[in-house]
Amino acid sequence: VLWLGGLRVIDESLSLGAFVAFNAYLIRMSRPLMMLGRMVDEFQRSIASLARIEAVIDHPPEDRGSGADRCITGEIELRDVSFTFPGDDTPVLDRISLRIPAGDTLAIVGRVGSGKSTLARLLPRLLEPTTGEVLVDGTPVQQMPLATLRSAIGYVPQDSFLFSETIRENLSIGLDGVSDSPSSRPEPVEWAAGISQLAGDLEDFPAGYETMVGERGVTLSGGQKQRAALARAVIREPRILVLDDALASVDTHTEERILKSLREIMKARTTIVIAHRLSTVRDADRIILLNDGHITESGTHDELVAKGGRYADMYRRQNLTQELGDL
Ligand SMILES: Nc1ncnc2c1ncn2[C@@H]1O[C@H](COP(=O)(O)OP(=O)(O)OP(=O)(O)O)[C@@H](O)[C@H]1O
Ligand SMILES: [Mg+2]
């Protein structure tokens, strides 16, 4: 523009004044043009979001199951359960059968991708088995009202999610829709944060429980996030607690304290704990080792160590690593 205009001014087909004015207009115009570009961009992004919101709204309501509402004691049974992801041909879980008496703790260990999370997700019916049956208290979960089933299960997924809200609100989400919440507890949020050892961390935040987290607030550490997710699950004292690698980012000492307080409140409740760290699982009533969708070893910690199989191997290796770490 400058070059062409400059030439025109020199050969006098354009006056200097007109050229300066033209330039000024051009600069004025560039901002609205940029704004227009941004608006088009945002518009398109909104359309994409709208499509996603519509997908959620149009999602068919889940089959709620039938049968009367009742209290769940927490016995869990898997009968010949197989699970294959749609489009895959190898099953992730291959005819798994197991029974967890009410009140017991079952630990699941196994390599990455061995199907541990898949198994855990069958319980709250986030996934449905391809064949076989999952029973809670002897009733197939499909025949239970979904709300009854889910309110009986506290599930801490491997990658949990915090909302951009205060910590108090994030933890109270667990209480939503629970009418028979243990009302005897005057401060359930503080209580749950104490169990999950989050309370100590919150003391260091100036706003404490009212601290905003997520995009609009502080970013919690991985371990703090996991403990918040745990607190959200234990806050309504579920009959069944499922921890999918929920303490992986928590240091071993804090983990020990959490497990100790969990043992107290989970005494008469059923717990399923998935972990890579064997210190997390050693006190379980039963430990199963998953390998390629099969249960290859099963027993207590001492039994499995004595057996000298893969669990014993894992245990020896992790012990060694820890000893090296302690040096
Ligand atoms: N949505 C999916 N579609 C297809 N395959 C999947 C899907 N989710 C998981 N898988 C596959 O299923 C297998 C088991 O996954 P799963 O998450 O149960 O393993 P995991 O034992 O929990 O592993 P990790 O210890 O890493 O958590 C893996 O091979 C995984 O790639
Ligand atoms: Mg997993």
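User: Is D283 buried, partly exposed or exposed, and at what relative accessibility?

Analyst: The model is a predicted one, and the value is computed from its atoms. The cut-off for an exposed residue is over 50% relative accessible area. D283 passes that cut-off and therefore counts as exposed, at a relative accessibility of 52%.

User: With which side chain does D283 meet in a salt bridge?

Analyst: The criterion is a side-chain nitrogen of Lys or Arg within 4 Å of a carboxyl oxygen of Asp or Glu. For D283 the N to O distance is 3.4 Å, and the partner is R263. This pair links distant parts of the chain, 20 residues apart: D283 is in the loop between β8 (270-274) and β9 (286-291), and R263 is in helix α9. At 44% relative accessibility the partner counts as partly exposed; the side chain asked for is R263.

User: Which helix holds both D313 and R316?

Analyst: The side chains of D313 and R316 meet in a salt bridge, 3.4 Å from N to O. D313 counts as partly exposed at 34% relative accessibility, whereas R316 is exposed at 53%. The two residues are three residues apart, about one turn of the helix, and both lie in helix α11 (residues 310-326).

User: How far apart are the closest N and O atoms of R95 and D94?

Analyst: R95 counts as exposed, with 56% relative accessibility, whereas D94 counts as buried, with 18%. The two form a salt bridge, and their closest N and O atoms are separated by 3.6 Å.

User: How many salt bridges does the count come to?

Analyst: A network of salt bridges links E77, R79 and E133. Among the individual pairs are D313 with R316 and R95 with D94. By the 4 Å rule, the count comes to 13 salt bridges.

User: What is the nearest side chain of opposite charge to D245?

Analyst: D245 lies in the loop between β7 (240-244) and α9 (252-265). Leaving aside neighbours within four places in sequence, its contacts are Q158, Q226, I274, A275 and H276. D245 is buried yet has no salt bridge; the nearest side chain of opposite charge is 6.6 Å away, and that side chain is K116.

User: Which residues coordinate the magnesium ion (ligand 2)?

Analyst: The coordinating atoms are OG of one residue and OE1 of another, at 1.9 to 2.2 Å. The pair links distant parts of the chain, 41 residues apart: S117 is in helix α3 (residues 116-122) and Q158 is in the loop between β6 (153-156) and α5 (167-172). S117 is buried, with a relative accessible area of 18%, whereas Q158 is partly exposed, with 41%. The coordinating residues are S117 and Q158.

User: What is the C-alpha to C-alpha distance between D251 and G223?

Analyst: D251 is placed in the loop between β7 and α9. It is partly exposed, with a relative accessible area of 43%. D251 and G223 are 28 residues apart in sequence, and their C-alpha to C-alpha distance is 7.9 Å.

Note on methods. Residues numbered from 1 in each chain as written. Chains lettered and ligands numbered in written order. Predicted model: local features only at pLDDT ≥ 70, side-chain atom pairs only at ≥ 80, totals over all residues. Heavy atoms only, no water. Helix = DSSP H or I, 4+ residues; strand = E, 2+ residues; numbered from the N terminus. Buried < 20%, exposed > 50% of the residue type's maximum accessible area, 1.4 Å probe, protein only. Lys, Arg positive; Asp, Glu negative; His and termini not counted. Contact = heavy atoms within 4.5 Å. Donors = N, O, S within 2.8 Å, 3.2 Å for Na, K, Ca; no water.
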